[in-house]
Amino acid sequence: MNVLDTSASALRNEIAAGRLSAAEACRAALDRIASVNEALNAFNLVDRDRALDRAGDIDRRRAAGETLGPLGGVPIALKDNMDVRGMPTTASSRILEHFVPPYDATVVRRLEHAGAVIVGKTNCDEFAMGSSNENSAFGPVHNPWALDRIPGGSSGGSAAAVASRCVPLALGSDTGGSIRQPAACCGVVGLKPSYGRVSRYGLLAFASSLDQIGPFARTVADAALTLGVLAGEDRCDATTAREPVPDFAAALTGDIKDIRIGVPRAFVNEGVDEEVRRAYESALDTLRRSGAALVDIDLPHAKYAVPVYYLVCTAEASSNLARYDGVKYGYRSPAAKDSLKEMYSRTRDEGFGPEVKRRIMLGTYVLSAGYYDAFYLKALQVRTLLRHDYDQAFERVDVVAMPTMPTPPFRLGEKASDPLQMYLGDIFTVSANLAGLPGISVPCGFSKDGLPIGFQLMGRMFDEATLLRVADAYERATDWHTRAPSLT
Amino acid sequence: MSSRHLRERRSDVHPAVTTHAGFAFCILHYDGVVPTTLTIADVERIAALAQLELTDEEKQLFTKQLADILRYAEQVQAIDTSGVPATAYVNAAQRTERDDEPRPSLPTEEAIANAPDAAPEAGLFRVPRVIGG
């Protein structure tokens, strides 16, 4: 058995049956990271000792007759914007230099309770702001399929870690596509749950009405398994929903004959790369042959999703990032010793990278007197119209299908100097966040250059079970998810 | 720096809206401010509001880039939103109150452990001079 190629659920079962130790699984992951990370730059931190220690615990508990949790002994990586007590969180920013969180994020408590072994923290765009992972203070992550290409962002390190077989699972956060888009770029599965499904306690806030944590995996079944561990109400995050958490894995029946899939033709027909369009059409065809019905739908306000998203998320970011001021934690500019105000502004100028500053500036502008109504409030109203588009569509269909990203992963540096061009690439992912809907990206092909292409399914709020069922049925009918990059 | 909060304006909420959206509000008057240009002075004003001390190079760059982005975002202003409530938050119907019971919180020592400058014996964060500085 090749440990690195094994799914999370199979690893857990091997460990539970005593055919593999958690320590062996952990060591395999750590060795793989050590051999590929120089090329990928996917990890900001690897905590070998802590991981081996935890894995040893799992083995001792199993030997003592304890039943392992659903992720017992499974190595997992976390995006470096989630807190693990005693392990530095950087958000790939200089301004959090030397920050060591004094508490665990709720997702960390839930993962470790389920037996998962955290091996380290993955590189990302600074404060999760970006679509290419080029905004990290620690340098970009490289796509495992082609090292000169973006891995996607902002959770690029998590996607690359799963694609390169360092770990079978990783967590990311998704504010406007930051799980789904890198999943598409790296040829893995990425799930953004419904808003309120997973606690954000211990996640560094970027845009609080949009942020959601979710898993990367190589199979839909592993994503479903992980969501089951993460999901549920949390008294530490008042936005978590009291919705019941179903058995997501049990929902994967393979049968989608009752499913109606919405296809927003007019929206998808504009500005999509030909190879991506072909892969998407072919995925629709596969789903139809598996028994689902395709239904044309109209999403008249979807074309406004990018401007609405960038007005809303920057406004919220400008408020959320006010906390980084050189007082309570992180970096403080040594240059300003004489006045508090100067200390704030020097610290923030030296500590934040260009994209974070750009978004703070934009958000401050759209919230400022004279522009609030014309930009921020207007965006919130159009957000309502966009939600209504989806409400209406979901009266007729069970899921909506579209490409995850309009192009295959582009070259590192290709769009770095033009932020607006970069933002436009988020056209298919931002709607799910604005409307609070769950979305999943599933591998659906490769470009002629061998670059992964993904397509996205979006579902009704809190109906991840149907979303996962359709994605899993697609996966059963194809073998894209079994392909691995030829990294040596 | 005290944290700034997103301003909430509530006026003339439509009765149909209050049933499912706590953060809903309607716009009755709208000035239609449309900035087509952005000056360095605008960028300096925003930077000051955001407590960012930008270099001259950053000011030049942001003046152009922010103007590009805002011009693109102006397309939302052409959409008819009369009577449409705002969505600030999608789970607004959910009750978020809880009983006011004391729960364990972070000990002072741990709360200040990450401070760039702290006075642990007094349990305080230390900052440069605030008055007369």
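The structure is a predicted model.

Chain A contains 16 helices and 11 strands. Its C-alpha atoms fill a box of roughly 65 × 55 × 45 Å along the principal axes. A compact globule of 488 residues would have a radius of gyration near 23 Å, and the 21 Å found for chain A agrees with this. Of these 488 residues, 65% count as buried. Among the contacts in chain A with a separation of 6 or more, 76% are between residues 24 or more positions apart.

Chain A also touches chain B, in a contact that takes 67 residues from chain A and 56 residues from chain B. On the chain B side, the elements that give two or more residues are helix H2 (40-49) and helix H3 (56-73) of chain B. The largest share, seven residues, comes from H3(B). Sorted by class, this side of chain B has 33 nonpolar, 14 polar and nine charged residues.

Helix H7 (residues 220-230) of chain A is largely enclosed by the rest of the structure, because 11 of its 11 residues are buried. Among them are Val220(A), Leu225(A), Leu227(A), Val229(A) and Leu230(A), as well as Asp222(A) and Thr226(A). H7(A) is followed by Gly232(A), whose phi is positive, near 135 degrees.

In soluble globular proteins, nonpolar side chains tend to be buried together. Here the largest nonpolar core has 189 residues, and those with the most contacts inside it are Ile76(A), Val117(A), Val119(A) and Val308(A). Helix H13 (residues 372-396) of chain A gives the most to this core, with 11 residues. Apart from neighbours within four places in sequence, Val308(A) is in contact with Ala379(A), Val382(A), Arg383(A), Leu386(A) and Leu434(A), and with Val76(B) of the other chain.

Finally, some backbone positions deserve attention. Most residues other than glycine have a negative phi, and most peptide bonds are trans. A cis peptide bond, with omega about 5 degrees, joins Gly153(A) and Ser154(A). Ser154(A) is in the loop between E3 and H5 of chain A. Ala91(A), although not a glycine, has a positive phi of about 55 degrees. It is in the loop between E2 and helix H4 (106-113) of chain A. Is Ala91(A) buried or exposed? It counts as buried, because 29 C-beta neighbours lie inside 10 Å. Phe462(A) is not a glycine either, and its phi is positive at about 65 degrees. Phe462(A) is placed in the loop between strand E11 (452-459) and helix H16 (464-477) of chain A. With 20 other C-beta atoms within 10 Å, Phe462(A) is buried, the cut-off being 20 or more.

Notes: Residues numbered from 1 in each chain as written. Chains lettered and ligands numbered in written order. Predicted model: local features only at pLDDT ≥ 70, side-chain atom pairs only at ≥ 80, totals over all residues. Helix = DSSP H or I, 4+ residues; strand = E, 2+ residues; numbered from the N terminus. Rg over C-alpha atoms; globule rule 2.2 N^0.38 Å. Buried ≥ 20, exposed ≤ 12 C-beta atoms within 10 Å, placed from the backbone. Contact = placed C-beta atoms within 7 Å. Nonpolar A, V, L, I, M, F, W, Y, C, P; charged D, E, K, R; others polar. Core = buried A, V, L, I, M, F, W, Y, C linked by C-beta atoms within 7 Å.
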